[in-house]
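Hi everyone, thanks for making time this morning. Please bring the structure up on your screens, and we'll walk through it together.

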Amino acid sequence: MLRNQDQILSKIANNDGHGENSAFFDGWKAYDADPYHPTLNPNGVIQMGLAENQLSMDLVEEWVRNNPKASICTAEGASQFKDIAIYQDYHGLPEFRNAVARFMEKVRGNRVRFDPDRIVLSGGATGAQETLAFCLADPGDALLVPTPYYPGNDRDLTWRTGVELIPIVCDSSNDFKMTRDALETAYKKAQESNTKVKGLLLNNPSNPLGTVLDREALSMAMKFINDKNIHLICDEIYSATFFDEPGFISIAEIMQESPDSNPDLIHIVYSLSKDLGFPGFRVGILYSYNDAVVNCARKMSSFGLVSTQTQRLLAFMLSDDAFVEKFLAESAARLGARRGVLCGGLAQMGVGSLKGSAGLYCWMDLRRLLKAATFEAEMELWRVIVNDVRINVSPGASFHCSEPGWFRVCFANMDDETMRVALSRISKLVMQTNNSEAAAARKPCRRRSKLEISLSFKRMDEIMMSPHSPMTSPLVRTRT
Ligand SMILES: Cc1ncc(COP(=O)(O)O)c(C=O)c1O
C-alpha cells in the first residue's frame, strides 16, 4: 500500500471535491450494503435517494422489441455494424442531433426552435456542466446558484475546474423562491471576497424542490445577468418531467420574448437521463447560443462523447413521433399519480411537503421531528431514518439547504408495493415520534434513547402491517 499519497499525487487526486464522503452518497452506500427485496430481504434499506425514472420502462421495452432495425446488434440492423463501430467525428451523428433538437422542441410545446448545429454531446448532463464551467470560467471564478441545489453541482462544476459555487440563500418563507435581493446579496458577497462572478446557474424544474420557475422568476434572472454581464446556465434536465400546473417554461422562450437579452450569455444543459429514464446511456447535451462556446465545447467533447451505437438507437427512437408523444403523456400521468401517492400518504400522517409539479421526488418537511432546529439534529434524524426506519432519503444539508429538517424523497425508482412499504415505514417513524412526544409530555424529565426508539420500530411493524393500519387506506394504495 502506498503512503504519502498527498506527496506523490496531484491536488485533485487528494482533495475531497467529488463529494463521495457526503451524506448524499453515504445513504447510497447504506442501500448498497443491504438492499431491500420484497421476499429475499424484506428488512433491507429501500432506496429513495435516487432520482431515476423507471415508471415507463415497459413502453420503451415494447418499442425496442418492435424496432429491431434500430439496433446494430440484431439481424435487422447488423449490416450497419461497421459504419457505426468505426471512428466518427466529434460532432455526433447528424441524425441524432436532429432528433434531439426536435425532441427538445416538442418538450417545449414547439414554442421555440433549436438548431442541431448548436448541440454539443457530452457524457450526461454531468459532462455538459463541467464542459461549460471550463468554457465560461477560470479557476477561482465563481457561479451563483440558488439553494437548495443538486449536490452533483459541486462535483460537476467545481472539482476539476477550480471554479467556485456561491450559494444564493433561499428559504421556506416564500417556498424557496429566488428573489432579486437574495441574488444581489450573493453577488455582493462574492465581490467583497474579490471573487469574480462569471455566471448564474439555475436548475428548472428544480432538483430537489420539484418546483418550476415561473415567467417572472426567469425574466428577473435574465435581467440580472444582463445587468451584470454574466452568463446564465439553465440546467433543464427535467424539462419533460412535469405532470401538473404550473408547467415548465424554458429559458429559450424567455430569451425569444426578450429583445434586450444577449444570446451570447445563455446556455442550456440537458440530458436523456431523467425525461426518458436513460441515465445509463450517458447522453448529455450542451446547447449554447454563443458560437465561441459551441466551438470550444465541441473540441472538448472528445473527452466524453456518446457512443455512436447509443446515438443511432436513440435517433430512431426520438424520430418516432407517435412513440415520443405516447411516452411523454403516459410518463407524466404515471409520475403525477405516483407523486400523489407519496405526498398524499405523507399528508395523511401529518407530514407536509413542498407543493410541486415536476421532478422524480418530493421535498418532505420533517422539521417537526427534529430535536432542535440544527443540522446536527437533521443528521441525527437522518441516521435513524437510514439505520432504523431503513429507507435512504437525502437530507437537506446535502443540497446546501439553509434550513434544517427538509429531506428529498425519490418516488419513481420503485414499484407500487415498495412505495407502500416505504410509506408504512415513514408512518412508523411519525407515530413513534408522536408517541414519544405524548410520553415526554406526561414525563417531562426523561428523554428516550435512540436504542429505545429503534426497538419500538420493530414492535410497530406488527401494527403497521395489520389490515387496520392507516397505510392500507385506498388513497395510499392507489395504483399508477
Ligand atoms: C439537476 C441535475 N443536473 C444534472 C444531473 C446529472 O445528470 P446526468 O445523469 O445526465 O449526468 C442530475 C442527476 O441527477 C440532476 O438532477
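Which of the 14 residues around the ligand come nearest? They are Gly-124, Ala-125, Thr-126, Ser-271 and Ser-273. Before I go on, please keep in mind that this is a predicted model.

Let's stay with the ligand for a moment. By class, the shell around the ligand has 5 nonpolar residues, 8 polar ones and 1 charged one. Which helix gives the most to that shell? That would be H7, covering residues 124–136, which puts in 3 residues. So let's follow H7 and see which helices pack against it.

One partner is H8, residues 152–159: the axes of H7 and H8 are 7 Å apart, and the packing angle is about 40°. Because of that angle, H7 and H8 are oblique to each other, and the crossing of H7 past H8 is right-handed.

Another partner of H7 is helix H12, residues 291–300. Here the axes are 10 Å apart and the angle is about 125°, which makes H7 oblique to H12. The crossing of H7 and H12 is right-handed. What does H7 bring to this contact? Thr-131, Phe-134 and Cys-135, which meet Val-293, Cys-296, Ala-297 and Met-300 of H12.

Now let's move over to another helix pair, H6 (residues 94–107) and H13 (residues 308–318). Their axes come within 8 Å and cross at roughly 40°, so H6 and H13 are oblique to each other. Is that crossing left-handed or right-handed? For H6 and H13, it is left-handed. From H6, the contact draws on Glu-95, Phe-96, Ala-99, Val-100 and Phe-103, and from H13 on Gln-311, Leu-314, Ala-315 and Leu-318. In class terms, the contact of H6 with H13 holds 7 nonpolar residues, 1 polar and 1 charged.

Let's zoom out to the domains. According to the domain assignment, domain 1 is made of 5–52 plus 324–477, while domain 2 covers 87–319. If you take the C-alpha centres of domain 1 and domain 2, they lie 29 Å apart. How many residues of domain 1 are in contact with domain 2? The count is 31 residues of domain 1, in contact with 36 residues of domain 2.

On the side of domain 1 that touches domain 2, helix H14 (321–348) and strand S10 (361–365) each supply at least two residues. H14 gives the most to that side, with 6 residues. By class, the side of domain 1 that touches domain 2 has 16 nonpolar, 12 polar and 3 charged residues.

If you'd like one place to start clicking, go for H7: this helix gives the most to the shell around the ligand, and it packs with both H8 and H12.

Technical notes:
Residues are numbered from 1 along each chain as its sequence is written. This is a predicted model: local features need pLDDT of at least 70, side-chain atom pairs count only at pLDDT 80 or more; totals for chains, interfaces and linings use all residues. A residue is near a molecule or strand if its C-beta atom, placed from the backbone, lies within 6 Å of it. Helices (H or I, at least four residues) and strands (E, at least two) are DSSP runs, numbered from the N terminus. Ala, Val, Leu, Ile, Met, Phe, Trp, Tyr, Cys and Pro count as nonpolar, Asp, Glu, Lys and Arg as charged, and the others, Gly among them, as polar. Axes are lines fitted to C-alpha atoms, for helices over the stretch in contact, and angles run from 0 to 180 degrees between N-to-C directions. Angles under 35 degrees count as roughly parallel, over 145 as roughly antiparallel, 65 to 115 as roughly perpendicular and the rest as oblique. A crossing is left-handed if the near helix is turned anticlockwise from the far one by less than a right angle, and right-handed if clockwise. Two residues are in contact if their C-beta atoms, placed from the backbone, lie within 7 Å. Domain bounds come from an automatic or database domain assignment.
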